[in-house]
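Open the model in your viewer and keep the selection panel at hand. This tour goes stop by stop, saying what to select and what is there.

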Amino acid sequence: MPREAEIGPEPSVVLSGYGPVGRAYAERLIGGGLPLRLSAVRTSAAEGLPPEPRTGWGPLPPLAETLERTRAAVLAQAVPSSPAVREQAAADALSALRRGVHVVTAAKSHLLSHWGELGRAAAGGGGRIRISGATGAALPTADLARIGVRGLGCRTLRACPNGTATFVLDRLVDGDALPDAVAEAQRRGIAETDPTADLSGADAAVKVRLLAALLWGWDATAVRTEAGPGIDAGTAEAARTAAARGRRLRSVATATADEPLVVRVALEETEPGDPLYALRGPEKAAVYGCPEAGDITVSGGRSSPLGAALAMVKDTLDVAGPVGYGFA
């Protein structure tokens, strides 16, 4: 039987996934002085609890057994956003939600394939889903889409939600060759081992699909993507040409309420005064276009495993943490 945290007054959290994001999340819960209790960590083959060495972890029991044994309030998912784990991630999230256990996730694939089913499971079981880690790491883009701009009549969403793309484009202007720019992003922990989705715009499109679903009530599974050319060997010349004109090339994903269920992503020259122009390095931004209230922008939140982990911590406190100062 794997060791688990003692049952106490703090909300119990079960973590699925123990890669860089999962480890950073676990470290925050264990040593961050938060009113949360990490009760179990699950990998693909074992279950245990840090800081016990993984060699001492036990075999992986069914998730339902772990949730029951730990009296879990939250299932936190830090598993890869890949087709290989999509169905298991969806099954785990559905199982938790149907039991009234909240789900906090940094994974995207099962959100895109099971959006409606997850929503119905949450409504039926009384659990809640939070996806900040899947839409912008530490940048609170999902919070704005879900509650921050509701009722303000926002009609457009324009975003650079992929820090790797912005970082690489800026390095190309500085004279790097594309392979060197990507390698430096990987060295800094900004880019994935396989950066294809970052460079093609696919990752940016996925994040804006999810944000638009929160903002306008779209079914994320039904949203289609229209993508222009991504960042490739020929992009350096375009980036430097834009810079010579006082502009900056950015990979921009857009959606509009007037054209439901469509997200577009393309390389775009941005001008001074544009919030997307102001980004530097791996920073990200989203601009919610609200005709009456004015544009509302959130920017910063550099890409990193820690950023995604912090977003998950924030979401966990949102669904299970204590109410703060009487105003939450």
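Helices and strands here are DSSP runs, numbered from the N terminus; a helix needs at least four residues and a strand at least two. The model is predicted.

**Stop 1**

Select proline 51. It sits in the loop that links β3 (46-48) and β4 (58-59). Now look at the bond that leads into it. The peptide bond from proline 50 to proline 51 is cis, and its omega is near 5°.

Go on to arginine 71. Its loop runs between α2 (63-70) and β5 (72-77). Is arginine 71 buried or exposed? Its relative accessible area is 60%, so arginine 71 counts as exposed.

Next, pick leucine 261. This one is in the loop between β10 (248-256) and β11. Phi of leucine 261 is also positive, near 65°, and again the residue is not a glycine. Leucine 261 has 30% relative accessibility and therefore counts as partly exposed.

**Stop 2: helix α12**

Select residues 305-320, which form helix α12. The helix has 16 residues. From first C-alpha to last, α12 reaches 22 Å, close to the 22 Å expected at 1.5 Å a residue.

Colour the buried positions. In α12 they are Gly307, Ala308, Ala309, Ala311, Met312, Val313, Asp315, Thr316, Val319 and Ala320. Keep the helix geometry in mind as you look along the axis. An α-helix has 3.6 residues a turn, so residues three or four places apart point the same way.

Zoom in on threonine 316, which belongs to α12. Why does threonine 316 count as buried? Because its relative accessibility is 0%, and the cut-off for buried is under 20%. Show its side chain together with that of tyrosine 25: the two make a polar contact at 2.9 Å. Then display the neighbours. Leaving out residues up to four places away in sequence, threonine 316 touches Val13, Tyr25, Leu36, Val74, Val104 and Gly321.

**Stop 3: alanine 24 in α1**

Move to helix α1 (residues 20-31) and select alanine 24. Alanine 24 is buried, since its relative accessible area is 11%. What does alanine 24 touch, beyond residues up to four places away in sequence? The list is Pro305, Leu306 and Ala309.

Alanine 24 and leucine 276 are 252 residues apart in sequence, and their C-alpha atoms are 29 Å apart in space.

**Stop 4: helix α6**

Select residues 141-148, helix α6. Six of its eight residues are buried, so the helix is largely enclosed by the rest of the structure. The buried ones are Thr141, Ala142, Asp143, Leu144, Ala145 and Arg146.

Now show what lies over them. The cover includes β7 (129-130), α5 (132-135), α10 (202-216), β12 (284-289), β13 (296-300) and α12.

**Stop 5: the second largest pocket**

Select Trp115, Gly119, Ile129, Ile131 and Leu214. Of the 18 residues that line the second largest pocket, these lie nearest its centre. The pocket has a volume of about 310 Å³.

Which elements each supply at least two residues of this lining? They are α4 (109-125), β7, α6 and α10. The largest share, six residues, comes from α4. Colour the lining by class: 11 residues are nonpolar, three polar and four charged.

**Stop 6: the cavity**

Last, look inside. Rolling a probe the size of a water molecule over the atoms shows where empty space is left. How many cavities of 30 Å³ or more are there? The count is one. The largest cavity holds about 30 Å³ of space.

Select its lining: Leu199, Ser200, Gly201, Gly228, Pro229, Gly230, Ser251, Val265, Ala266 and Leu267. The elements that give two or more residues to this lining are α9 (196-200) and β11 (262-270). β11 contributes the largest share, three residues. By class, the lining of the largest cavity has five nonpolar and five polar residues, and no charged ones.

Definitions and conventions. Residues are numbered from 1 along each chain as its sequence is written. This is a predicted model: local features need pLDDT of at least 70, side-chain atom pairs count only at pLDDT 80 or more; totals for chains, interfaces and linings use all residues. Side-chain values use heavy atoms; hydrogens and water are left out. The expected span of a helix is 1.5 Å times one less than its number of residues. Buried means under 20% relative accessible area, exposed over 50%, partly exposed in between (1.4 Å probe, protein chains only). On a 1 Å grid over the protein atoms alone, a cavity is a set of points where a 1.4 Å probe fits but cannot get out, and a pocket is an open set with protein on both sides within 12 Å along at least five of seven lines; lining residues have an atom within 4 Å of a point. Grid points are joined across faces, edges and corners, and a volume is the space filled by probe spheres set on the points. Ala, Val, Leu, Ile, Met, Phe, Trp, Tyr, Cys and Pro count as nonpolar, Asp, Glu, Lys and Arg as charged, and the others, Gly among them, as polar. A polar contact is a pair of N or O atoms within 3.5 Å; within protein, one must be able to donate a hydrogen and the other to accept it, and residues adjacent in sequence count only if both atoms are side-chain atoms. Contact means heavy atoms within 4.5 Å.
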